[in-house]
Amino acid sequence: MRAALELGYRVIDTAEMYGDGGAEEVVGEAVQQALRDGTCRREELVVVSKVLPHHASAQGTVEACERSVRRLRLDWIDLYLLHWPGPHPVAQTIAGFDRLLARGLIRHWGVSNFDARAMTRLLALPGAQACAINQVCYSLQERGVEFDLGPWQAQRGMPLMAYCPLGQGALASDARLADLAQRAGMSPARLALAWAMRGGSVMAIPKAASEDHLRDNLAAADCQLDAPTLAALDAIFPPPRVARPLAVV
């Protein structure tokens with residue numbers, strides 16, 4: 001975490017589910033150290049966390065966020081997401097988000113793992129126009145969102161945040177990408193990430209297990225893929241021709 005912040009990463013994605021709150025505690029410790037030594041300023045950071053669906057009643061959302069803020073050792077969470085649709089009506093979750101916004105405990109809210117149908121139902125609810133983002137599984141291996149969800153969000157100016165953009169690491173060692181990546185002068189992982197972010201409306205949040213991975217991932221943000229490379233990737237990983245169920249990891 002400290003290495004990422006020192007390299008220039010400014011978006012940190014976590015959730016109350018990860019490590020049963022332990023991941024938030026690690027993020028909080030790293031951020032506090034970075035703030036103390038001047039690596040970054042709080043206003044530069046976008047800290048993302050998520051409420052578990054079974055906590056996401058109006059009051060439960062507030063209480064879950066309060067716990068997350070304490071574990072993160074922050075005054076606010078920049079982007080707070082409903083982790084996936086669950087047992088509580090989403091209208092109740094929005095009511096909780098509204099209370100958190102009013103108290104200044106969150107700056108923005110959004111959702112995760114919502115398909116096109118769920119997003120349509122969501123935006124029909126009062127107050128749902130404030131939804132800032134939808135975080136979904138999206139990679140060369142999982143392109144289903146391109147058929148419906150991606151265009152739907154693009155039409156509404158709503159960004160898409162891609163988790164598992166490296167296919168849980170599989171794309172970093174995919175033999176089909178290796179030759180193409182070499183010709184493009186980059187690693188397979190960097191190529192896969194550059195592809196995911198190619199249109200400017202997708203933010204990719206890859207996992208990294210070493211400082212070398214951090215550096216390689218960060219470099220993908222500056223890569224521009226030419227038309228032949230994009231066509232070659234489409235041939236290896238064809239875009240969807242019919243609607244598919246939303247991939248969830």
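Modeller: Helices (H or I, at least four residues) and strands (E, at least two) are DSSP runs, numbered from the N terminus. This is a predicted model, in which local features need pLDDT of at least 70 and side-chain atom pairs count only at pLDDT 80 or more, while totals for chains, interfaces and linings use all residues. Residues are numbered from 1 along each chain as its sequence is written, and side-chain values use heavy atoms, with hydrogens and water left out.

Biologist: What is the order of the strands in the open sheet?

Modeller: Two strands pair if DSSP finds at least two bridges between them. Here seven strands form an open sheet in the order 1-2-3-4-5-6-7, with parallel pairing. Strand 1 and strand 7 are the edge strands, each pairing on one side only. From one strand to the next, the twist averages 30°. Strand 6 (residues 160–163) runs parallel to strand 7 and is joined to it by four bridges; M161 has M203 of strand 7 as its bridge partner.

Biologist: Which strands does helix 3 lie across?

Modeller: Angles run from 0 to 180 degrees between N-to-C directions, and axes are lines fitted to C-alpha atoms, for helices over the stretch in contact (heavy atoms within 4.5 Å). Helix 3 (residues 58–72) lies across strand 2 (46–51), strand 3 (77–82) and strand 4 (106–112), and runs at about 135° to strand 3. Helix 4 (residues 90–103) lies across strand 3 and strand 4, at about 160° to strand 4.

Biologist: At what angle do helix 7 and helix 10 pack?

Modeller: Two packed helices are described by the angle between their axes and the distance between the axes. Helix 7 (residues 175–184) and helix 10 (residues 227–236) pack at about 170°, with axes 11 Å apart. They are therefore roughly antiparallel (over 145 degrees). R176, L177 and L180 of helix 7 meet T229, A232, L233 and I236 of helix 10 in this contact. By class, the contact has five nonpolar (Ala, Val, Leu, Ile, Met, Phe, Trp, Tyr, Cys and Pro), one polar (the others, Gly among them) and one charged (Asp, Glu, Lys and Arg) residues.

Biologist: At roughly what angle do the axes of helix 7 and helix 8 cross?

Modeller: The axes cross at roughly 85° and come within 8 Å. That makes helix 7 roughly perpendicular (65 to 115 degrees) to helix 8. L177, A178, L180 and A181 of helix 7 make the contact with P188, L191 and A192 of helix 8. This contact has seven nonpolar, no polar and no charged residues.

Biologist: How many residues line the largest pocket?

Modeller: Rolling a probe the size of a water molecule over the atoms shows where empty space is left. On a 1 Å grid over the protein atoms alone, with a 1.4 Å probe, a pocket is an open set of points with protein on both sides within 12 Å along at least five of seven lines, and lining residues have an atom within 4 Å of a point. The largest pocket is lined by 50 residues, with D13, I205, P206, K207 and A208 nearest its centre. Its space is about 1500 Å³, a volume being the space filled by probe spheres set on the points, which are joined across faces, edges and corners. Among the elements that each supply at least two lining residues are helix 2 (22–36) and helix 9 (211–219). The lining has 34 nonpolar, twelve polar and four charged residues.

Key:
Parallel < 35°, antiparallel > 145°, perpendicular 65-115°, else oblique.
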